[in-house]
Structure formats: structure tokens, C-alpha cells
Amino acid sequence: MNSLDNLQIDQSQFDLSDKLPAKILLAGCGDLGIRTAARLDAGYFCYGLRRESGRLPNYIRPLKADLTNFDQMKDVMEIGFQIIIVTITPDAYNECAYRSAYLASAETLVRVINESRKPPSLVVWTSSTSVYGQKSGEWVDELSPVNPQNYNGRILLEAENMIKKLQCSKVVLRFSGIYGPGRQNLLDQVLAGEESKRSLSQWTNRIHSDDCAGIFCHLMDLHLRGQTLHDLYLATDCEPVKRYALRQWLSSKLNVKLNDAATSTESGRRYRNERLLGSEFNFLFPSYKQGYCEIIHSFKQP
């Protein structure tokens, strides 16, 4: 059975009526895609695209296809989506896996959409603040120069430049460090009293996964209401924090003693989110304090 057969079988399970005007493709539909679909109202009809068939909530219509496979994606495009949200996770954290995921996906998506009879009106591409490289406590925004120093930042920037070739509207979202349910490495380290694996003098910028989903929904809503979007947004919360201060704050909330020692040397970057705030986006968790308190409260419950 080919990919188009799978799509036709899946389509028979749904009433594709005019009552659902906005068809959304969540490409690489993992945690962020599921959270995004859960926040959308009945005016949206969500499809979740994955390479492997997996269980998705009943409010997401499953599509089995590989984002890097031109023929499969050509079939997918025949459905006719208004908006495509792309969230990619590489199979491993090495250069080869990043190229196979981000660059191959960007190249295929650009070719498929630019040749499609039913192109979307908007593509939102997920990237990362790692494209900025290392700075010493400087404030960074969408107009700041990029200078990636590691393979992941270089590949992500290359993929961003590929996405610029799309002939439809496109937005790149550069997320800072995402945390939330299922993304609790730092909490687990503090709970175990482990030493920091990074410099405690380093600035860290965070955003809760529910706010990531909220930003996707916000931009989709603005686009469908006819508002012009910027082609780039920095997606981070409103309170950068030194890693030492964050760990100390978490330890006080968790009643854990840490042996951290502050240093005077400063490193890392502090990100501004004025462009996002200027679009009238409202954070659920404006800082790490609200976000982590929510997580800590949830796992302290009996």
C-alpha cells in the first residue's frame, strides 16, 4: 500500500466539510505539535505528519509520510493546507543526523511547495537561538548578527536560508531553551543534587512548551485574520537568568541543598522578545518562576 492509499483510507474517517475552513499540517507532530492542536478551536482541522504511524489524540488526523521524501510529500500536498507548522527532532544529536533532518526536510519542503498546485499560504519553520553563537552577556534580538560556532547552529541557519526560498509566506521561529512536562532534565539534576554540567555564570533563556504551542496558535490566528507577519521571531520568555541563580531558586523550591559556587565571569546571551510581545502575544508563563512552579506543583501532587 503506497502513501497516497494511506491518506485516502484516513480521509474516509472524517467529514471534510466547509465548517472546518483552516486545514493545518503539523509536520513532525511530536510534543509541540500535539500541544498546538490541543489549543486550537473548531475553526481548525489538524493533520499530524509522522514517518512512523503512532497514536495521536483524536483531534489530530494522522498522516504517515517522510518529510524528506519528495513523492510522499507531493501526495500530502494534494490535501491542500492553509498553514504548515514544521517541528523537527533529529534522530540523534550529531552533525549527520542534523543534516538528514533539518536540511533534507527544508530542501524537500521548498521544492514540493513551490511546485504544488495547492500551496499553503503560510509555513512556520522551527529553529533555534543557537544560530547566534557565543556572546558575553549581550542582549540579542531578531536584528542581531548570527555567528553559529557549532554544527547544530550552522545547519539550522542553513535550513533557515533554504526556507527563505519558499514562494508563499514564511515565518522562522527561533526558540530558546524549551522546558515543560517531559523536558525536566534541569529539575532532575537539582533534585539529585548533581553539579551543573555547564558554567554557572552563563546566561540561560527559557520558554515553556505550552507557550511554544501558544505562539504557533497566535501566529496562525494573526495570519488568517489578514495581518502581516514578520519573517522572523525570537521565541523566549521575559526573564533571562544566570544558571547559578536558576539552580539556587529551584533548589529552594525543592528543598534541596546544592554546592554551587557563583563566579564573576559572564558568558552566554540574553534574548529580547519585544517583536513577539508587540504582536500582542500573552505568555502563560512570562518567566521561569511561573513555569517551573507549575511543574513542581504537578509532580508534588499525590
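Helices (H or I, at least four residues) and strands (E, at least two) are taken as DSSP runs and numbered from the N terminus. On this basis the protein chain holds 10 helices and 13 strands. The structure is a predicted model, in which local features need pLDDT of at least 70 and side-chain atom pairs count only at pLDDT 80 or more, while totals for chains, interfaces and linings use all residues. Residues are numbered from 1 along each chain as its sequence is written, and side-chain values use heavy atoms, with hydrogens and water left out.

The C-alpha trace of the protein chain spans about 60 × 45 × 35 Å along its principal axes. The radius of gyration is taken over C-alpha atoms, and the globule rule is 2.2 Å times the number of residues to the power 0.38. For 302 residues a compact globule would have a radius near 19 Å, and the 20 Å of the protein chain agrees with this. Accessible areas come from the Shrake-Rupley method with a 1.4 Å probe, and for residues only the protein chains shown count as cover. The accessible surface of the protein chain comes to about 14,700 Å², and 45% of that surface belongs to carbon and sulfur atoms. Residues are called buried under 20% relative accessible area, exposed over 50%, and partly exposed in between (1.4 Å probe, protein chains only). Of the 302 residues, 50% count as buried. Contact means heavy atoms within 4.5 Å. Among contacts in the protein chain with a separation of 6 or more, 76% are accounted for by residues 24 or more positions apart.

Charged side chains were examined next. Lys and Arg count as positive and Asp and Glu as negative, whereas His and the chain ends are not counted. A salt bridge is a side-chain nitrogen of Lys or Arg within 4 Å of a carboxyl oxygen of Asp or Glu. The count by this rule is 13 salt bridges. In one of them, Arg117 pairs with Glu78, and the closest N and O atoms are 2.4 Å apart. Arg117 lies in the loop between α4 (95-115) and β5 (122-128) and Glu78 in the loop between α3 (70-77) and β4 (83-86), so this pair ties together parts that are 39 residues apart in sequence. Arg117 is exposed, at 63% relative accessibility, and Glu78 is partly exposed, at 30%.

A salt bridge also links Asp221 and Arg225, with 3.0 Å between the closest N and O atoms. Here Asp221 is partly exposed at 30% relative accessibility, and Arg225 is exposed at 51%. Asp260 and Arg247 form a further salt bridge, their closest N and O atoms being 2.7 Å apart. Asp260 is in the loop between α8 (243-254) and β13 (268-271) and Arg247 is in helix α8, so the pair ties together parts that are 13 residues apart in sequence. Both partners are buried: Asp260 has a relative accessibility of 15%, and Arg247 has a relative accessible area of 1%.

Salt bridges that share partners join Asp31, Arg35, Arg183 and Asp210 into one network. The side chains of Arg35 and Asp210 are joined by a polar contact of 2.7 Å. Apart from neighbours within four places in sequence, Arg35 is in contact with Pro181, Ser209, Asp210 and Ala213. The C-alpha atoms of Arg35 and Phe216 are separated by 9.9 Å, although the two residues are 181 residues apart along the chain.

The side chain of Arg206 makes polar contacts with the side chains of Thr204, at 3.1 Å, and Tyr292, at 3.0 Å. Not counting residues up to four places away in sequence, Arg206 touches several residues, among them Ser176, Tyr179, Asp237, Arg243 and Tyr292.Glu142 is located in the loop between β6 (136-140) and α5 (151-163). Glu142 is likewise buried without a salt bridge, and the nearest side chain of opposite charge, Arg275, is 4.1 Å away. A polar atom of the Glu142 side chain lies 2.8 Å from the backbone nitrogen of Leu234. With residues up to four places away in sequence not counted, Glu142 touches Tyr132, Leu232, Tyr233, Leu234 and Arg275.

Technical notes. Polar contact = N/O pair within 3.5 Å; in protein donor to acceptor, adjacent residues only side chain to side chain.
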